[in-house]
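Open the model in your viewer and follow the stops below. Each stop says what to select and what is there.

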Amino acid sequence: MNRMLKCSVALLLFASWLCGSSNVIAAEPAERPVQTRRPFAKLQPVPFFEVQLNDGFWGARLKASRETTIPHCIDQCEKTGRIKNFELAAKKLANNEDGNYIGLWFNDSDVYKIVEGMSCLAALKKDSELEKQTEELVKLLAAAQDEDGYIDTYFTIDRRDERFKHIYEPSRHELYCMGHLIEAAAVRYQATGHKDLLDVAIKLADHIDKEFGPDARPEVPEHEQLELALVGLYRATGEKKYLELAKWFIDQRGVHVRRVSFGSENQDHLPVRKQKEIVGHAVRAMYLCMSIADVYVETGDKELLEACRNLWESTTYRKMYVTGGIGATGHFEAFRGDYDLPNLAYSETCAQIGLVRFAHRMLQIDPHAEYADVLERTLYNGTLSGISLAGDRFFYRNQLISDGKYCRSAWMDCSCCPSNVARFVPQVGRLFYSTDPAKKSLYVHLYGNGSCETMLGDGKVKFAQKTNYPWEGHVELTVTPDESREFEVCLRVPQWLRQTETPGKLYHMTDAPSAEEQMTLKINGKPLSPGKLENGYCRISRTWMKGDMIEIDFPMPIQRVYSNQKVQENRGHVALQRGPIVYCVEALDIEGQLDSVVLSPETKLFARHRPDFLGGVTVITDKAEDLESEISKKSSLLAIPYYARDNRGSTGMKVWLPEKKVSD
Ligand SMILES: [Zn+2]
């Protein structure tokens, strides 16, 4: 019996108990609600379910997500008692049976994230088995909700009289878990039209709204997340009180009237509007930044936007690894000071996911490629590193140097990262495109095989991309409007072509060709000058006809990347990047010791695509001759994509290599 089916049977039996019937049938397909606009954002993201990534690089990741990651995570949630906790809570509320809570106190959040991931996959491709399984799981969650809307199995099972009595250290993350339920519900509703979980979320949010706020309890969540979830619920329901509560939580952070501070570890040291430096727990900081951006785009509150910009610069100009990783220390999983970026990084997978999502929000507010550049860097490197190629092994930490002792795990006691990846990958399509309804523009932020069909102005337009990106820079984009119409297509020119330095001069790279000189562009076979880029985007305005084709060729040289001299550990070191992919060297590919690998600036490097290696990757070697067998032999230099490391067993690994001239 396959795992998905086995889980289904277990859930089905429980759902039967809940319903008093042996027939649980998937509800009729629901209609998606009208997608809400963010009034103070210049761009509107094209939702992930309007973007198909059926093959190519992301097609493979989505396939792994559907066939492996989600069934694996459900299996783990069953084995570790995470789903059992909801059964126990439901039975407890029905005065049916006793039992004790199993596992860490915030384990409910993993189940919510997995429901979100399941809902997203069901929205992308009709899958009645998956939808039925999700509905059963949602029924179970609903059964674990208390009369008044409260839901947290840690308290419901064993500690019902302690509800909301553990807001302070040691916090039991009730509001964080609840936020994940609300976020999953809003995503599920927007993507599938199903209101089952939304009904639970509304009841829960109303309960929180009664308990917390200006005329009630003064505390904020210790671990941010609920704030952005409430904005999502506002968008799903149109109910303003959820937005107001989110804004109140943000404004209450750093204000310590009638409550004690959670400290800078939880970004509670200063009012949010006065915060300029990103500090404390990196995941929490990113969730806060996302929430501030969300409240800004709904309210237009300029001070909040200013805070977002300051925190963005602090994060990406001075505290970000070359992989897009953030959070340098394991001590409270936090940021360190400016340029303090030891390669034995903490860089929790969830923090990287948070940075991608923060960057995505900033990009909609201000369509500047700077945000998309960070989004792409973090997506392909720091974030993807968190999940194995097969989709069932995970990293919590994403170090830039390893002795091979810290390796991927199937699951963890604290499994925030696996469950976060499980819901993030199915939604990756939303990062690709945005529209500017006012100017009738379509923005292409990312390149990848697939298509999208969306409204632009009064009509529908379909865009299809054919490309082997991120391995090759050739992209064919077919534009198919429902009828010939004038609009603008804005194509992002990636940072490695536009600039030799990242913003803030944190990294600089060699061999960056000038975009205007070296990028080529054709429309229906006729060359077109990319012209002057505007905020990193090449804008093409014309009357588009069905089947018009844009051909782009981005050169993709191997680039040597150097850190700002203020990053102490990387002085005299070099990293390799090609396109958006950052490389590393694994000890098992190297003759002798990993420490013996030294790169000379004179060494010629060669990129070769290996379709049968690590799921199909381009490797970098120092060998001029194209040897098919080079990947099975030890070599003086074989660099693989950083995200693909630790997929052939644990081994030493390095991103930054010492650089020394041969003549030295
Ligand atoms: Zn995590």
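**A helix pair**

Select helix α13 (residues 349-365) and helix α14 (residues 369-383): they pack at an angle of about 160°, with their axes 8 Å apart. Axes are lines fitted to C-alpha atoms, for helices over the stretch in contact, and angles run from 0 to 180 degrees between N-to-C directions. That angle makes α13 roughly antiparallel to α14 (angles over 145 degrees count as roughly antiparallel). The crossing of α13 and α14 is left-handed, meaning that the near helix is turned anticlockwise from the far one by less than a right angle.

Now show the side chains of the contact, among them Ile-353, Val-356 and Leu-363 of α13 and Tyr-371, Leu-375 and Leu-379 of α14. Residues are in contact if their C-beta atoms, placed from the backbone, lie within 7 Å. The contact residues divide into eleven nonpolar, six polar and no charged (Ala, Val, Leu, Ile, Met, Phe, Trp, Tyr, Cys and Pro count as nonpolar, Asp, Glu, Lys and Arg as charged, and the others, Gly among them, as polar).

The model is predicted: local features need pLDDT of at least 70, side-chain atom pairs count only at pLDDT 80 or more, and totals for chains, interfaces and linings use all residues. Residues are numbered from 1 along each chain as its sequence is written.

**The sheet**

Next, select the open sheet of seven strands, ordered β2-β6-β7-β8-β14-β11-β12 with antiparallel pairing. Its edge strands, β2 (51-52) and β12 (526-528), each pair on one side only. Strands pair if DSSP finds at least two bridges between them. Zoom in on β7 (residues 459-467) and β8 (residues 474-481), which run antiparallel and are joined by seven bridges. Lys-462 stands opposite Thr-480 in β8.

**The whole model**

Zoom out: the protein has 17 helices and 22 strands. Helices (H or I, at least four residues) and strands (E, at least two) are DSSP runs, numbered from the N terminus.

Terms used
Angles under 35 degrees count as roughly parallel, over 145 as roughly antiparallel, 65 to 115 as roughly perpendicular and the rest as oblique. Two residues are in contact if their C-beta atoms, placed from the backbone, lie within 7 Å.
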